[in-house]
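Visitor: I'm new to this one. Could you show me how to read its features?

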Amino acid sequence: MTNIIKVSICIITYNHENFIRKCLQSAVSQKCNFKFEVVVGVDYCSDKSAEIVKEFVKKYPNIVKATFHK
(Lines give C-alpha, C1' and ligand atoms only; values in the text may rest on other atoms or scores of the structure.)
Protein backbone atom coordinates (compact mmCIF):
# COMPACT_ATOMS: atom_id res chain seq x y z
CA MET A 1 0.00 0.00 0.00
CA THR A 2 1.30 3.44 -0.88
CA ASN A 3 1.66 6.24 1.70
CA ILE A 4 -0.10 8.77 -0.52
CA ILE A 5 -3.71 9.43 0.44
CA LYS A 6 -5.79 8.77 -2.65
CA VAL A 7 -9.29 9.31 -1.26
CA SER A 8 -10.67 11.74 1.30
CA ILE A 9 -14.09 11.01 2.76
CA CYS A 10 -15.58 14.30 3.94
CA ILE A 11 -18.31 14.32 6.59
CA ILE A 12 -20.02 17.31 8.19
CA THR A 13 -21.96 16.86 11.40
CA TYR A 14 -24.24 19.00 13.53
CA ASN A 15 -26.31 17.35 16.24
CA HIS A 16 -26.14 13.91 14.61
CA GLU A 17 -25.54 11.98 17.83
CA ASN A 18 -27.93 9.22 16.78
CA PHE A 19 -26.22 8.67 13.42
CA ILE A 20 -22.56 9.77 13.45
CA ARG A 21 -21.11 6.65 15.11
CA LYS A 22 -22.59 4.34 12.45
CA CYS A 23 -21.50 6.74 9.70
CA LEU A 24 -17.90 6.93 10.94
CA GLN A 25 -17.67 3.20 11.60
CA SER A 26 -18.82 2.53 8.07
CA ALA A 27 -16.20 4.90 6.68
CA VAL A 28 -13.23 3.52 8.66
CA SER A 29 -14.25 -0.08 7.94
CA GLN A 30 -13.72 0.26 4.18
CA LYS A 31 -11.35 -2.33 2.69
CA CYS A 32 -9.22 -1.05 -0.15
CA ASN A 33 -5.70 -1.29 -1.52
CA PHE A 34 -4.92 2.42 -1.17
CA LYS A 35 -4.66 4.89 1.69
CA PHE A 36 -7.67 7.02 2.57
CA GLU A 37 -8.66 9.52 5.23
CA VAL A 38 -11.91 10.56 6.86
CA VAL A 39 -12.16 14.32 7.38
CA VAL A 40 -14.92 15.40 9.75
CA GLY A 41 -16.16 18.96 10.22
CA VAL A 42 -17.98 19.30 13.53
CA ASP A 43 -20.12 22.40 14.00
CA TYR A 44 -20.95 23.57 17.50
CA CYS A 45 -23.14 20.69 18.63
CA SER A 46 -25.44 20.70 21.63
CA ASP A 47 -25.55 16.90 21.73
CA LYS A 48 -22.75 14.31 22.02
CA SER A 49 -21.73 14.32 18.35
CA ALA A 50 -18.39 16.00 19.06
CA GLU A 51 -17.51 13.48 21.78
CA ILE A 52 -18.25 10.59 19.43
CA VAL A 53 -16.05 12.12 16.72
CA LYS A 54 -13.25 12.57 19.30
CA GLU A 55 -13.51 8.85 20.14
CA PHE A 56 -12.90 8.00 16.49
CA VAL A 57 -10.00 10.45 16.18
CA LYS A 58 -8.39 8.77 19.19
CA LYS A 59 -9.12 5.21 18.00
CA TYR A 60 -8.13 5.82 14.34
CA PRO A 61 -5.54 8.64 14.43
CA ASN A 62 -4.06 7.70 11.06
CA ILE A 63 -7.44 7.77 9.34
CA VAL A 64 -9.83 10.20 11.08
CA LYS A 65 -9.05 13.93 11.17
CA ALA A 66 -11.51 16.40 12.67
CA THR A 67 -12.02 20.14 12.81
CA PHE A 68 -14.21 21.44 15.60
CA HIS A 69 -15.93 24.74 14.77
CA LYS A 70 -17.37 26.95 17.47
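This is a predicted model: local features need pLDDT of at least 70, side-chain atom pairs count only at pLDDT 80 or more; totals for chains, interfaces and linings use all residues.

Visitor: How do I read two packed helices?

Guide: Two packed helices are described by the angle between their axes and the distance between the axes. Here, helix H1 covers residues 20–28 and helix H2 covers residues 49–59; they pack at an angle of about 20°, and their axes lie 10 Å apart. Angles under 35 degrees count as roughly parallel, so H1 is roughly parallel to H2.

Visitor: Which hand does the crossing of H1 and H2 have, left or right?

Guide: Right-handed, as H1 passes H2. On the H1 side, the contact is made by Ile20, Arg21, Leu24, Gln25 and Val28. H2 brings Ser49, Ile52, Val53, Glu55 and Phe56 to the contact.

Visitor: What kinds of residues make up the contact of H1 with H2?

Guide: Six are nonpolar, two are polar and two are charged.

Visitor: And how would I find a pocket?

Guide: Rolling a probe the size of a water molecule over the atoms shows where empty space is left. In this model, the largest pocket holds about 170 Å³ of space.

Visitor: Which residues line the largest pocket?

Guide: The lining is Val42, Asp43, Tyr44, Cys45, Asp47, Ala50, Glu51, Lys54, Phe68, His69 and Lys70. H2 turns up again: with three residues, H2 gives the most to this lining. By type, the lining has five nonpolar residues, one polar and five charged.

Notes:
Residues are numbered from 1 along each chain as its sequence is written. Side-chain values use heavy atoms; hydrogens and water are left out. Axes are lines fitted to C-alpha atoms, for helices over the stretch in contact, and angles run from 0 to 180 degrees between N-to-C directions. Helices (H or I, at least four residues) and strands (E, at least two) are DSSP runs, numbered from the N terminus. Angles under 35 degrees count as roughly parallel, over 145 as roughly antiparallel, 65 to 115 as roughly perpendicular and the rest as oblique. A crossing is left-handed if the near helix is turned anticlockwise from the far one by less than a right angle, and right-handed if clockwise. Contact means heavy atoms within 4.5 Å. Ala, Val, Leu, Ile, Met, Phe, Trp, Tyr, Cys and Pro count as nonpolar, Asp, Glu, Lys and Arg as charged, and the others, Gly among them, as polar. On a 1 Å grid over the protein atoms alone, a cavity is a set of points where a 1.4 Å probe fits but cannot get out, and a pocket is an open set with protein on both sides within 12 Å along at least five of seven lines; lining residues have an atom within 4 Å of a point. Grid points are joined across faces, edges and corners, and a volume is the space filled by probe spheres set on the points.
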